[in-house]
Amino acid sequence: MDIQRFVTLLGADFFTGVPDSQLKALCNYLMDRYGTDPAHHIIAANEGNAAALAAGYHLATGKTPVVYLQNSGLGNIVNPLASLLSDKVYAIPCLFIIGWRGEPGVHDEPQHIFQGEATLPLLDTLKVPYFILDSSVSEEQLLARLEEFRGRQAALVVRKGGLKYDKTPAYANSFPMSREEAIGHILTAAGDSFVISTTGKASREVFELREGRGEGHGHDFLTVGSMGHSSSIALGIALQKPGRQVWCLDGDGAALMHLGAMAVIGSARPQNLIHVVLNNQAHESVGGLPTAAGTVDLPAVARACGYPAALSADSLEDLESALECVKHSDRLTFLEVKCALGARGDLGRPTTTPQENKATLMAALEE
Ligand SMILES: Cc1ncc(C[n+]2csc(CCOP(=O)(O)OP(=O)(O)O)c2C)c(N)n1
């Protein structure tokens, strides 16, 4: 369905969510129509955050908000859905638009398979009625379902190709260094340390760089799903292996998604953990919509959370000199690397499975 017609049929004037590649048409359209005008469109830190924000919008206006998310984000909304929006609590209406990755029978990456199978059963369990939107749905069919959904929590589950928009806003920032280039230099500095990389293209770049260098993958953990949790995984490893250096390669969207992790890392303060945030100020892996990182001083956040050292680099020269200090570091260190948007068009995906990745990493950690 054409996105402009779709949004008109929804009749909503407040949208919040976390971007999804399968909802690119909606995300790009909202950016063209509203940008990030907070009266109409907020790109939230995580999906639960969006649900609560939507609740506040309803309390203030009596109108029904729209929350958009990839089905991976369902986990993040379960709590506010069950204990805030639910008809057994405050009964707050909200329309969820959910990108259905890993739909059974449709080829997708390993991290989407179980979530894809669990999507409709989860909505059933949460007592959220849903309508599956694909390219065959007519305006009349959609309107009829929206009428049924009025005044309650409900979901439109969007199949691949269900929404269409032929424009893409120009997403960019002013930083010259590409994320892949930055990762290449970081891997060199990290040597045989362990690398825990974040969800999205950063992990795909780590994988391909290792392939290209013939280095093997035994020291890497590619967090293919679980956005926002790579720094906590890294903390869990660093605390148990105090003799080994652990580098977390985080994204700005991921770091903001579960920012509380930084407070926990700062208070545990493992001396062998280097927390790098590759900050392109965007959810680049799913299209490039901005994160709030453009207005956040991440090294200051790290210092405030108790990291004893925090640096920032926004050029290759800066990165090289920062890495010179960081690689000899014997204390918890935070490094922000400001990167450009974009990735290679021919960037591949890991050819090993998550369980192979786990097995080789665990074997290397045992050495
Ligand atoms: C809970 C959850 N919500 C949304 C997504 C979809 N998603 C995958 S990667 C990504 C963007 C990550 O942004 P960032 O951490 O800034 O890294 P970048 O892509 O910019 O390198 C998003 C939103 C997801 N995987 N999980």
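Let's start with Lys127, which counts as partly exposed because it has 13 C-beta neighbours inside 10 Å. The scale here is simple: a residue is buried if 20 or more other C-beta atoms lie within 10 Å of its own, exposed if 12 or fewer, and partly exposed in between, with C-beta atoms placed from the backbone. Lys127 sits in the loop between helix 5 and strand 5. Its phi is positive, about 60°, although Lys127 is not a glycine. For background, most residues other than glycine have a negative phi.

A word on what we're looking at. This is a predicted model, in which local features need pLDDT of at least 70 and side-chain atom pairs count only at pLDDT 80 or more, while totals for chains, interfaces and linings use all residues. Residues are numbered from 1 along each chain as its sequence is written.

There is a second residue of this kind. Ser226 is not a glycine either, yet has a positive phi of about 50°. You'll find Ser226 in the loop between strand 8 (220-222) and helix 9 (230-240). Ser226 is partly exposed because 16 other C-beta atoms lie within 10 Å. When I say helix or strand, I mean DSSP runs numbered from the N terminus: H or I of at least four residues for helices, E of at least two for strands.

Now back to the helix that Lys127 follows, helix 5. How far apart are the end C-alpha atoms of helix 5? They are 24 Å apart, which agrees with the 22 Å that its 16 residues should span at 1.5 Å a residue. That expected span is 1.5 Å times one less than the number of residues. Helix 5 has a kink of about 40° at Thr119, shortly before the proline Pro121. The bend is the angle between axes fitted to the seven residues ending at a residue and the seven starting there.

Which residues of helix 5 are buried? They are His112, Gln115, Thr119 and Leu123. In general, an α-helix has 3.6 residues a turn, so residues three or four places apart point the same way. The cover over the buried residues of helix 5 includes helix 4 (74-85), strand 5 (130-133) and strand 6 (153-158).

Let's zoom out. The chain splits into domain 1 (3-158) and domain 2 (179-366), with bounds from an automatic or database domain assignment. Their C-alpha centres lie 30 Å apart. The contact between them takes 15 residues from domain 1 and 18 residues from domain 2; two residues are in contact if their C-beta atoms, placed from the backbone, lie within 7 Å. On the domain 1 side, helix 2 (24-34) and helix 5 (110-125) are the elements giving two or more residues, and helix 2 gives the most, with 4 residues.

Finally, the ligand. It is surrounded by 26 residues, and the closest are Gly200, Gly251, Gly253, Glu284 and Ser285. Near means that a residue's C-beta atom, placed from the backbone, lies within 6 Å. Both domain 1 and domain 2 supply at least three residues each to this shell. Helix 10 brings its largest share, 3 residues. By class, the shell has 8 nonpolar, 13 polar and 5 charged residues. Here Ala, Val, Leu, Ile, Met, Phe, Trp, Tyr, Cys and Pro count as nonpolar, Asp, Glu, Lys and Arg as charged, and the others, Gly among them, as polar.

Thanks, everyone!
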